[in-house]
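Open the model in your viewer and get ready to select residues by number. We will go stop by stop.

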Amino acid sequence: MDIEKIREAVIKIERKTTTTEWLESLEERKKEEAEFHDFSHDMETNLDNKKFYTTNRVSHDYLQNWLKTNSKGKIFLDYACGNGVESVKVSKYGAELVIGIDISQGSVNNAKALAQKEGVADKCLFFVGDCENTELPNSCIDTVLCAGVLHHMNLDYVYPELQRIMKPGAKLLAVEALNYNPVIRAYRMRTPEMRTDWEKDHILDLDDVQHAKKYFRVDELKFWHLTSFVAAFFRRIPILFNLLLGLFNFMDSILTKIPFLQRMAWQFTFVLVNTKNK
């Protein structure tokens with residue numbers, strides 16, 4: 001797929017999706033997602049659950065290594081890109097073109113500003129769009145990142161749409177919360193202000209991975225952070241925090257390998273490979 005054709009397609013999509021008429025045409029759940037992420041991705045917003053992301057160093061390193069390995073020279077899609085942090089990193093890892101789509105206008109504006117600030121705006125295309133119906137050309141994407149986004153969407157639409165726009169052999173990395181741990185589920189129920197109703201009710205489980213097998217080959221299923229997130233409560237005491245996080249990460253390296261117990265993890269990752277013929 002010629003990059004100029006992709007750029008032309010994105011310009012055409014933007015002309016439509018930046019209108020009030022387009023936003024008003026969306027389902028109510030999508031309007032709610034757009035409004036919530038305009039708020040949650042605002043630079044001034046500080047949601048309390050962000051403290052737990054200080055403990056995800058191990059999975060974060062895995063993510064970055066995967067992106068470095070699978071993005072160089074590729075046409076890369078940051079699917080529901082948020083503020084574009086990973087997109088900008090990927091552009092610096094050597095991607096030929098980085099495309100970021102998000103339903104939140106505020107998030108897309110932030111992503112464009114970040115790319116400009118980091119000097120990679122010429123390699124990035126950010127636009128407002130519906131991830132369940134991207135309107136991107138068929139078979140145009142080499143690599144996809146879905147970082148904490150699939151549970152915001154209807155997978156009955158997402159999986160076939162991703163298969164449509166991904167090239168044969170293209171790879172996708174999904175990074176998602178897992179919906180089995182009763183303590184974590186209770187926390188989500190007690191903090192409704194941190195997520196939309198749809199998001200709360202659609203945290204992924206292994207049935208959703210099984211569903212993906214209708215469209216993709218599933219590789220590299222991994223589980224992360226069964227105990228390490230507890231260290232977040234000690235983050236204001238750096239020495240103790242680092243000591244506990246190291247201990248918990250070691251424990252997790254064992255516990256997350258044990259069948260069934262691994263389902264209690266906070267997060268999991270999996271790779272989808274598009275095996276469709278040309």
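Select Tyr 62 and Trp 224. Both are buried in this predicted model. Now look at their rings. The centres lie 5.2 Å apart and the planes meet at 40°, so the pair is tilted.

Next, select Tyr 159 and Tyr 215. These two form another tilted aromatic pair. Their centres are 6.3 Å apart, with 40° between the planes. Tyr 159 belongs to helix α7, residues 155–165. Tyr 215 lies in the loop between α10 (206–212) and β6. Here the partners are 56 residues apart, so this pair too links distant parts of the chain.

Is Tyr 159 buried or exposed? Its relative accessibility is 0%, so Tyr 159 counts as buried.

Now select Phe 52, Tyr 187 and Phe 233. They form one aromatic cluster. The count of aromatic pairs comes to nine.

Last stop: the surface. Select Glu 32, Glu 35, Asp 38, Asp 197 and Asp 201. Together they gather in a patch of negative charge. Two elements give two or more residues to the patch: α3 (28–40) and α9 (197–201). Helix α3 gives the most, with three residues.

Finish on Asp 201, in helix α9. Asp 201 has 52% relative accessibility, so it counts as exposed.

Technical notes: Residues are numbered from 1 along each chain as its sequence is written. This is a predicted model: local features need pLDDT of at least 70, side-chain atom pairs count only at pLDDT 80 or more; totals for chains, interfaces and linings use all residues. Side-chain values use heavy atoms; hydrogens and water are left out. Patches are made of residues with over 30% relative accessible area and no salt bridge: like charges are joined within 9 Å, nonpolar side chains (Val, Leu, Ile, Met, Phe, Trp, Tyr) within 5 Å. Accessible areas come from the Shrake-Rupley method with a 1.4 Å probe; for residues, only the protein chains shown count as cover. A salt bridge is a side-chain nitrogen of Lys or Arg within 4 Å of a carboxyl oxygen of Asp or Glu. Lys and Arg count as positive and Asp and Glu as negative; His and the chain ends are not counted. The place of a charge is taken as NZ of Lys, CZ of Arg, CG of Asp or CD of Glu. Helices (H or I, at least four residues) and strands (E, at least two) are DSSP runs, numbered from the N terminus. Buried means under 20% relative accessible area, exposed over 50%, partly exposed in between (1.4 Å probe, protein chains only). Rings of Phe, Tyr and Trp (its six-membered ring) pair if their centres lie within 6.5 Å; planes under 30 degrees apart count as stacked, over 60 as edge-to-face and the rest as tilted.
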